[in-house]
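Good morning, and thank you for joining this group meeting. Please look at the sequence and the structure on the screen while I speak.

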Amino acid sequence: MTDDQISLTSRRSALKFLGAGGGAVAASALLAACQGVRDSPGSGGGGAFPDTPDWRFVFVNHVTTNSFFVPTRTGMADAARLVGIPEPQWTGSADGNVSEMANAFSTAVNGGVDGIAIALTDNNAFVEPTKRAFERGIPVIAYNATAAGNHPLTYVGQDLYQSGFLMGQRIARDVTSGLILVGISQPGGNNVQPRLDGITDALRQAAPGVTVLPINTGAEQAAELNAITAAYDGHRDAKGVYAVDAGSTASIAQLFTTRGLQGQVRAGGYDTLTDTLRGVQSGALDFTIDQSAYLQGFLSVLYLYLYRVSGTLVTPPFTDTGLTFVTKDNVGPYLTADSKFEGGAKTDLVPMPSSIPLPPATGQAR
């Protein structure tokens, strides 16, 4: 579809739909408007949109080398190419250091970038940089983690507390009493602590006989297996071993697979790293939770772009990127597709299944 074939009305319709709170579904409107457009990065003016400067967006992250964010980075690059701007810069801290993240944030603001997406893992450190950014006309979006008392335009990521609460209810189906271990990479961090809080609250209601013991596994992915292993060796009476972050969950899968603990101790966690998916397939893990890391990059870029191209008229909606329990029953496509959308190697079209499981019913229509 060429620019001449796309009317001004259709362009405005797509913009309004995105701004009305359509979230992840709304992205399809933009994709339709830009279908067939493959402008080279930095050319400006993708699809039906006007020519723009080579806007520079920056993503500030808390664990820049963590494999969970591979699909996030793919998503942000895909969105930038779609609308014809340079691929955003990826910066921050490799090991959850808030000061390093704040410095990267301030560097971006002082450098006069055109938009910032940041994982707000701390409630206090990023408030002033956010205010300075807006004073300089730089929009800021939170992704993956948000913070009380800060001022991002919106949040793109999972409802972390709710996901933890639902996970706690799922745990209560298998464990009704005794000790469970829960690995957490950054205790107190806004990216993972709300999940642990949700698990604890859910179990307090659904299985009050369960005791939750948090295990600090650290933000460095390579060290998480040692932390999980030491915790389990010190608590062989644990009825379950769970985690609220990607690296800790993959470490549980590795430990249980190596020691043949499938079916003997309950286990589960988050995200779709390869070891995790294989653990679900083998029965080492009862489940893992997919939060759509790809959308956290893709939609953040689209929202920053639309906010700028519309001159602030398209305010980005709060977007919960969802929660899917991946179990032995539905893990197959994750493994066979090996798709970039989940951090895999393949970039080709993923075939649609012959039938699609019926999603849960929505709330009552008004």
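Helix α5 is followed by G137, whose phi is positive, near 80°. The structure is a predicted model: local features need pLDDT of at least 70, side-chain atom pairs count only at pLDDT 80 or more, and totals for chains, interfaces and linings use all residues. Residues are numbered from 1 along each chain as its sequence is written, and side-chain values use heavy atoms, with hydrogens and water left out.

Let me stay with α5, residues 127-135. Which of its residues are buried? They are V127, P129, T130 and A133. Seen down the helix axis, the buried residues of α5 fall within an arc of 165°, so they line one face of the helix. That arc is taken from the directions from the helix axis to the C-beta atoms. Buried means under 20% relative accessible area, exposed means over 50%, and partly exposed lies in between, with a 1.4 Å probe and protein chains only.

β4 leads us to a sheet. Six strands form an open sheet in the order β2-β1-β3-β4-β5-β11, and the pairing is parallel. Because β2 and β11 (319-320) stand at the edges, each with a single partner strand, one side of each is left without a neighbour in the sheet. Two strands pair if DSSP finds at least two bridges between them. α4 packs on this sheet and touches β1, β2, β3 and β4, and its direction makes about 170° with that of β1. Axes are lines fitted to C-alpha atoms, for helices over the stretch in contact, and angles run from 0 to 180 degrees between N-to-C directions.

Within this sheet, consider strand β1, residues 57-61. Five of its five residues are buried, so β1 is largely enclosed by the rest of the structure. Which residues lie on each of its faces? F57, F59 and N61 are on one side, and V58 and V60 are on the other. In a regular strand the side chains alternate between the two faces of the sheet. β1 runs parallel to strand β3 (residues 115-118), to which four bridges join it, and F59 stands opposite A117 in β3. With strand β2 (residues 89-92), β1 again pairs in the parallel sense over four bridges, and there the bridge partner of V60 is T91. β1, helix α3 (residues 70-83) and β2 make a right-handed β-α-β unit. Right-handed means that, with the strands pointing away from the viewer, the path from the first strand over the helix to the second runs clockwise. Further along the sheet, β4 and strand β5 (residues 155-157) pair in the parallel sense over two bridges, with Y143 opposite V156 in β5.

I turn now to another sheet. Six strands form an open sheet in the order β7-β6-β8-β9-β10-β12, with mixed pairing. Its edge strands, β7 (209-216) and β12 (324-326), each pair on one side only. The twist averages 20° from one strand to the next. Strand β8 (residues 240-243) and strand β9 (residues 266-270) pair in the parallel sense over three bridges, and V241 stands opposite A267 in β9. Helix α9 (residues 246-259) packs on the sheet and touches β6 (177-184), β8, β9 and β10 (287-290), its direction making about 150° with that of β9.

G247 is buried, with a relative accessible area of 3%. Beyond its neighbours within four places in sequence, G247 is in contact with Q221, E224 and L273.

Finally, the chain as a whole. There are twelve helices and twelve strands, and buried residues make up 52% of the 366 residues. The mean pLDDT, the predictor's confidence in each residue from 0 to 100, is 89 for the chain, and 86% of the residues reach 70 or more. Over residues 1-22, pLDDT stays under 50, and pLDDT also stays under 50 over residues 28-42. Where pLDDT is low, the predicted coordinates should not be read in detail.

Key: Contact means heavy atoms within 4.5 Å.
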